[in-house]
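Thanks for making the time this morning.

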Protein chains: 2
Amino acid sequence: MSVLIAHLGPSGTFSEFAAATYADSLKTQSTELKGYSTITQAINAIAQQEADFCVVPVENSIGGGVTFTLDTLWESEKLQIQQAFTLPVQHALISKASQLSEIKTVYSHPQALSQCQRWLAEHLPNVNLVNTSSTAEPLPYVKENSAVGAIASNWGAKMYNLPVLAHPINDYPDNYTRFWVLGQAAATSGQYTSLAFSLNSNEPGALLKPLQLFSALNINMSRIESRPTKRLLGEYIFFVDIEASADEQTTQTALELLQIHTQKLKLFGSYNLTTIEKVL
Amino acid sequence: MSVLIAHLGPSGTFSEFAAATYADSLKTQSTELKGYSTITQAINAIAQQEADFCVVPVENSIGGGVTFTLDTLWESEKLQIQQAFTLPVQHALISKASQLSEIKTVYSHPQALSQCQRWLAEHLPNVNLVNTSSTAEPLPYVKENSAVGAIASNWGAKMYNLPVLAHPINDYPDNYTRFWVLGQAAATSGQYTSLAFSLNSNEPGALLKPLQLFSALNINMSRIESRPTKRLLGEYIFFVDIEASADEQTTQTALELLQIHTQKLKLFGSYNLTTIEKVL
């Protein structure tokens, strides 16, 4: 039986590329990718037994945290992070135009457009820029009209059999996205542990206590990100990554003490991080 | 001469409504709203002397921080927060259909669709949901086709003279967005002070020191949000709001000491926050 891997669709997205990269790493098994129209639906596919794993973006070095992933994980039951990996992001200008000057309109997701704004100002200063809901969405239209271009990945160009006119075109060369592989197996050991908590109170210093706890136990926090509780403006859930494994005694002590200073505490598991330098 | 107020366009967005609300509050002056296609362009309109003020969303109680606003402010020179205000967000189903069952497709921004998912599942379980780049974008199309609907604000319906079939339809009733009014005047006094900093190092506890400083001086931090530095995955800028005025002695002490623990520190000014309960 195939291993079913859910991801954010449609075909041609960078999330599909990440899912395909993860599928490749499961060398001995047959795999099947399943695209969903939202990150939330892709993650919920595991609970609904439509998928064994879900590959989701967590954080991009330019765009920051992927809020739908964090919010859905906070709401979920039993999902654990099996593995993390980082992929370089390189944007490409995809078009059937025979030269740049033929392109009148460029479509892409607002994040991708903003990450290529200097390149666009230099090479395509007069084009009309149009926002789309994903980088893959405009690709079928690019296939039909040589006066338009799209900013997407080489993977997107390959999936739609479209020419790449320029690559890479992102203004910040160090553009990386970190992905998590979510699943239902227990994840108790690894380089990193991810957790999230809401605070007991909004009094001065309420956030300080959890952070002091990690520091006192010499546990490095590699990331902290706040998300709204969705109850009141100004009430937050904090997502924290620590450089420690849940099966270490120090981590267990930290987690026990953390219960005192938090209202709700969720553990998303311990896992290793792989950095993949392969770019299509 | 009119006071020129920049905002995220096109006509019908909630940001335009916020700018109009701010314009109304400047009772004695003539005002003119100017829509821009991105938040970054709207903010930069001040430096380019195309606008006197810019009204931008900062944070929503469901969606969280507005990353384009924070990133652009960090990159800007001399912009200060003149005022903050909070508006309730209520989503409406806008369509020319005579009844719900005629609607086959609903268009909206992914955040608005996700904020109405329970209502949609109950009242329109079989419609096709399509992402758009703003809530206002589909409104011209809704005007032409009675088989489609859009989720936007009553303000959007009013701007396009379209009927509202249901309102409010958001799953979380307590949905608020906070806006900042940016301008070039010095902002040294008010209930809140906003600032941002990058850290000297990524060593354990590097973030702890700035937070301990505020706590030791009994300054409450009402918000902390991390954004990537755009250099390396895992390097952050922290945006902090404190409940103190920049012209108080304690705040000045805190800011001086903060210089020691931060690499780059930017002060965005002190301002008052108004909560507006008026909904269209």
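Let me begin with a question: in which loop of chain A is A:Lys78 found? This is a predicted model, so please take everything I say with that in mind. The residue A:Lys78 is found in the loop that runs between helix 3 and strand 5 of chain A, and although A:Lys78 is not a glycine, its phi is positive, at about 75°.

You will find A:Asn161 in the loop between helix 7, residues 154–159, and strand 10, residues 164–166, of chain A. With 8 other C-beta atoms within 10 Å, A:Asn161 also counts as exposed.

Another is the bond from B:His167 to B:Pro168, where omega is near -10°; here B:Pro168 lies in the loop between strand 10, residues 164–166, and strand 11, residues 176–183, of chain B.

Now to the domains. The assignment for chain A gives domain 1 as residues 3–88 together with 175–186, domain 2 as residues 92–166, and domain 3 as residues 192–270. Where UniProt is concerned, an unreviewed entry lists residues 4–184 of chain A as "domain: Prephenate dehydratase".

How do domain 1 and domain 3 of chain A meet, and which residues take part in the contact? Their C-alpha centres lie 23 Å apart, and nine residues of domain 1 of chain A are in contact with ten residues of domain 3 of chain A. On the domain 1 side, helix 3, residues 67–75, and strand 5, residues 80–88, of chain A each supply at least two residues, and the largest share, five residues, comes from helix 3. Sorted by class, that side of domain 1 has five nonpolar, three polar and one charged residues.

Turning to the two chains, 36 residues of chain A are in contact with 36 residues of chain B. The elements of chain A that give two or more residues to this side are strand 11, residues 176–183, helix 8, residues 208–216, and strand 13, residues 221–228. Of these, strand 13 provides the largest share, with seven residues, and by class the side of chain A that touches chain B has twelve nonpolar, 16 polar and eight charged residues.

As for how the copies are related, a rotation of 180° with 0.0 Å of shift along its axis superposes chain A on chain B, at an RMSD of 0.0 Å. The two copies are therefore related as by a two-fold rotation axis, and the same surface serves both of them, since 100% of the contact residues of chain A recur in chain B.

If we leave aside neighbours within four places in sequence, B:Val55 is in contact with B:Ile5, B:His7, B:Ser15, B:Ala18, B:Ala19, B:Tyr22, B:Phe179 and B:Val181.

I will finish with B:Asn200, found in the loop between strand 12, residues 192–199, and helix 8, residues 208–216, of chain B. With 13 other C-beta atoms within 10 Å, B:Asn200 is partly exposed. Not counting residues up to four places away in sequence, B:Asn200 touches B:Ala206, B:His261, B:Thr262 and B:Gln263, and its C-alpha atom is separated by 8.3 Å from that of B:Lys264, which is 64 residues apart along the chain.

How values were computed. Residues numbered from 1 in each chain as written. Chains lettered and ligands numbered in written order. Predicted model: local features only at pLDDT ≥ 70, side-chain atom pairs only at ≥ 80, totals over all residues. Contact = placed C-beta atoms within 7 Å. Helix = DSSP H or I, 4+ residues; strand = E, 2+ residues; numbered from the N terminus. Nonpolar A, V, L, I, M, F, W, Y, C, P; charged D, E, K, R; others polar. Domains from an automatic or database assignment. UniProt positions renumbered as here; feature names shortened; annotations may be inferred. Least-squares fit on C-alpha atoms with pLDDT ≥ 70 in both. Buried ≥ 20, exposed ≤ 12 C-beta atoms within 10 Å, placed from the backbone.
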